[in-house]
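Here is a short walk through one protein model. Keep the structure in view while reading.

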Amino acid sequence: MSDKKRSALVAGGGLGGLASAVALAQRGWDVTVLERQSELRANGSGIYIWENGLRVLKALGAYEQAIEGAFYGSHFEQRDLNNEVIDCGPTPANRRLITVMRSQLLKSLEQAGKRAGVKVRTNVEVIAANARGEVQLASGERLRADLVVGADGIWSRIRQALGLELVHEQTREGALRTMIERRPGDTQEQDAQKYIENWNGLHRLLITPVSETQTYLALTCPHDDVRASNTQIDKEYWSALFPHWAHLIARADGPVSWGRYSVTRCKTWSSGRTAILGDAAHAQPPNLGQGGGMAMQNGLALATFLEKVQDVRDIPDALEAWENNEREIVEHCQKWSCLYGEISALPDAVRTQVVRSAMANPWSYAQIFRAASHTPTGTVQAERC
Ligand SMILES: Cc1cc2nc3c(=O)[nH]c(=O)nc-3n(C[C@H](O)[C@H](O)[C@H](O)COP(=O)(O)OP(=O)(O)OC[C@H]3O[C@@H](n4cnc5c(N)ncnc54)[C@H](O)[C@@H]3O)c2cc1C
């Protein structure tokens, strides 16, 4: 890029927005993040980060802080209603999977942003943006920059203002998320390093240790199951569904959040000098644990494609090249996450067969883990940590 410092406004201080902001600032951009909340805050409890996401964090200089005290899962095991293993899902060494608290992950990106000179304005609600890099705030203020990034989540005002939306739908499923204390003996000794996903009809219980002392529980059900989706967790109901885990459900006394899953797809990811990414552009159900990974990966890729831009007039072409390069892997991951969600509607015995066949078949296995095995743009093999 030329000597003149280019400016960027990033709407949304979530995983996608912060990853973009850090990556742009590291490449010499003057970046301001505009966040609606009163502080940079993560919604939800724990989060899975696959190999691709870890590589992105390394490239952004956020890796060490993000993984401090993290839980390294040796297996992502799936079990049926009788607690019988459907698939034991070993995690190969070249495709790591870790879990941490979301707050820790976000903080690691915030700190990396500080080091790179990213400015953050909180209590700022963006209500629109246009292709010329102009942003309108709810306060009436108007801002302008060479580049605007809309990383303002599933209800993205920027996506709507630019008229880019093709699909925005909520799936039938949603999840209750909460944290419990992790205690010795929570699982059998041989299961201590595992993530365990349990299925029973339309309900799922995912047990995710995130540190030595904390376990994240995700209780998935159809949104119209009023009893199951109650944020005052109905322990009797959930324990009857998953009696082998009643001792964990009994401990679910902390704050609980409920969220339905969303899918968004866009005609294009940019208009002029304004781009959208993360859930704003390509939200996916969390079945593969990759929505945040894709948001961070795409943020780094965006900055990498803008690296070569000499003139502000070249930004739209660079954004087109970015989308041409990245869209296929992101939409592949989204498609397979949606497909995976479909198995929740199958009768238990059929689901068991389908999962076993899919995991045993080299082709379907490769599709499911393709995003996790992908080397993201802006990272190199040598950066594997
Ligand atoms: C139950 C569940 C479990 C999940 N588990 C995982 C997992 O294990 N691993 C994984 O990788 N992904 C997971 N995901 C997906 C992941 O949470 C999202 O894909 C990721 O958070 C998207 O990041 P984002 O920055 O695009 O959007 P968001 O995280 O939604 O961030 C958007 C930000 O923009 C701000 N904002 C919104 N509107 C405005 C506005 N108008 N003006 C200014 N600011 C605004 C918001 O306050 C927020 O800070 C899960 C999702 C769910 C629902």
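**Charged pairs across the chain**

Start with aspartate 30, which is partly exposed at a relative accessible area of 29%. The model shown here is predicted. Aspartate 30 has a partner: its side chain meets that of lysine 119 in a salt bridge, at 2.6 Å from N to O. Look at where the two sit.

Now move to strand E5, which spans residues 75-79. Glutamate 77 lies in strand E5. Which residue does glutamate 77 pair with in a salt bridge? The partner is lysine 194, and the closest N and O atoms are 3.0 Å apart. Lysine 194 is in strand E14 (residues 194-200), so this pair links distant parts of the chain, 117 residues apart. Are glutamate 77 and lysine 194 buried or exposed? Both are buried.

Strand E5 also holds arginine 79. The side chain of arginine 79 meets that of aspartate 191 in a salt bridge, 2.9 Å from N to O. Aspartate 191 is in the loop between strand E13 (165-181) and E14, so the pair ties together parts 112 residues apart in sequence. Arginine 79 and aspartate 191 are both buried.

These pairs can be viewed together. Glu77, Arg79, Asp191 and Lys194 are linked in a network of salt bridges. How many salt bridges are counted in the model? The count comes to 30.

Next, follow helix H10. Helix H10 covers residues 315-342, a run of 28 residues. From first C-alpha to last, helix H10 reaches 39 Å, close to the 40 Å expected at 1.5 Å a residue. Where does H10 bend? The bend is at glutamate 326, by about 45°.

Cysteine 88 counts as partly exposed, because its relative accessibility is 36%. Cysteine 338 is in no disulfide. Its nearest cysteine sulfur, that of cysteine 333, is 9.6 Å away. A disulfide needs the two sulfur atoms within 2.5 Å. For the model, the count comes to zero disulfides.

Technical notes: Residues numbered from 1 in each chain as written. Predicted model: local features only at pLDDT ≥ 70, side-chain atom pairs only at ≥ 80, totals over all residues. Heavy atoms only, no water. Buried < 20%, exposed > 50% of the residue type's maximum accessible area, 1.4 Å probe, protein only. Helix = DSSP H or I, 4+ residues; strand = E, 2+ residues; numbered from the N terminus. Expected span 1.5 Å × (residues − 1). Bend = angle between axes of the 7 residues up to and from the residue. Salt bridge = Lys/Arg side-chain N within 4 Å of Asp/Glu carboxyl O.
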